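Hi,

Here is the structure I promised to pass on.

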Amino acid sequence: MLTIHKLVKRFKQTVAVDHLDVRIEEGEVFGLLGPNGAGKSTLIQMITGLLPLDSGSIKLDGVSIQERAYETKKHIGLVPQDIAIYEQINARKNVEFFAKLYGLSGKLLKERVDEALERVGLTDRQHHLPSTFSGGMKRRLNIACAIAHKPKLIIMDEPTVGIDPHSRNHILESVKQLNQDGSTIIYTSHYMEEVSAIATRIGIMNEGRLIALGTEEELRQRIVNQERLWIETEEEISSEDHGAIAELKASAIVDEIRAEGHSMELLLSPQFDRLQDILFILAKNGLSVRTLRRETPNLEHLFLSLTGRQLRDG
Ligand SMILES: Nc1ncnc2c1ncn2[C@@H]1O[C@H](COP(=O)(O)OP(=O)(O)OP(=O)(O)O)[C@@H](O)[C@H]1O
Ligand SMILES: [Mg+2]
């Protein structure tokens, strides 16, 4: 449906989008995951024709977005990162305003506006001014404005940042519904749990490039061998050449060990099988375990291992 080829966008010294290639297929919920400044919004602004591209191409069903902006734009609905609604007209009139821009009128306009308000759960509040709304309700209204014309591609740029859990769940639920009703969706976020809950395919973006792409399962395969174990011991592990560490390092079950004070962190190897083997080595070397935590890797770990950075600050 959407084909992006060698797309580049620079802002002076910054390469915000760097020779990016990706194809989004019809019916997907494509989760675009990336930290601050990764280039997600810049990419989206180019897809929606809000920002000119430096080089490369973007095609919607084979039609160039650059060359035929008017024709392609009506098939796209954008929920921008910064909320764009009119505070001084009621919620319904906001949705009507955007739907009219896309050429809807009369009975169809009314129907589509009803449907969009219903979809985001604002039917009851449609005659109220957005200035009386919570952040989450404004965000939902912004979504209604983007979907009333029933675009085949809906792009949401971090629609859940800074909103209450109720609105957040509502938004995630409406993404699934919109997709079931036939829209293809691109959804950007810093939150791997969200993307993981709704996306059929995930792209991880960093410094203008897609550094990983696949289903969650495929991405997990890449880190499946990186299970971690944290162990806190009663005794202090005075040095890295403690007998237990030397023995664990020599065994095939641990790839890496870091130890300090009373704790150690183990990166388990694919050969790891039984926790018992590790506990046995510790006991044999005079260490008793106080606490133990085992962590299955997630997409944040994949991001960390690919970039050396956290997906989110803090
Ligand atoms: N209008 C602009 N002028 C100059 N630099 C810009 C402009 N817009 C974006 N940038 C730079 O381009 C890079 C990518 O920014 P972008 O907003 O696309 O990232 P993002 O992934 O959307 O981040 P966030 O998660 O914070 O929204 C950043 O280094 C940013 O500072
Ligand atoms: Mg952004």
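Below are my notes on the metal site, the pockets and the sheet.

Some housekeeping: this is a predicted model, so local features need pLDDT of at least 70, side-chain atom pairs count only at pLDDT 80 or more, and totals for chains, interfaces and linings use all residues. Residues are numbered from 1 along each chain as its sequence is written, chains are lettered from A and ligands numbered from 1 in the order in which they are written, and side-chain values use heavy atoms, with hydrogens and water left out.

Metal first. The magnesium ion (ligand 2) has Ser41 (OG) and Gln81 (OE1) as its protein donors, 2.0 to 2.1 Å away. Donors here are N, O and S atoms within 2.8 Å of the metal (3.2 Å for Na, K and Ca), and since water is not among the atoms, the site may look incomplete. Ser41 sits in helix H1 (residues 40-47) and Gln81 in the loop between strand E6 (76-79) and helix H3 (91-101), so the pair ties together parts that are 40 residues apart in sequence. (Helices, H or I with at least four residues, and strands, E with at least two, are DSSP runs numbered from the N terminus.) Ser41 is partly exposed at 21% relative accessible area, and Gln81 is partly exposed at 32%; buried would be under 20% and exposed over 50%, with a 1.4 Å probe and protein chains only.

Now the largest pocket, with a volume of about 380 Å³. Of its 15 lining residues, Leu50, Ile76, Leu78, Phe98 and Tyr102 are the closest to the centre. E6, H3 and helix H5 (135-147) each supply at least two lining residues. A pocket is an open set of points on a 1 Å grid over the protein atoms alone where a 1.4 Å probe fits, with protein on both sides within 12 Å along at least five of seven lines; lining residues have an atom within 4 Å of a point. Grid points are joined across faces, edges and corners, and the volume is the space filled by probe spheres set on them.

Last, the sheet. Six strands form an open, mixed sheet in the order E6-E7-E8-E3-E9-E10, where pairing takes at least two DSSP bridges between two strands. E6 and strand E10 (209-214) are at the edges with a single partner strand each, so one side of each has no neighbour in the sheet. Strand E9 (residues 201-206) pairs with E10 in the antiparallel sense over five bridges, and Ile202 stands opposite Gly214 in E10.

Cheers
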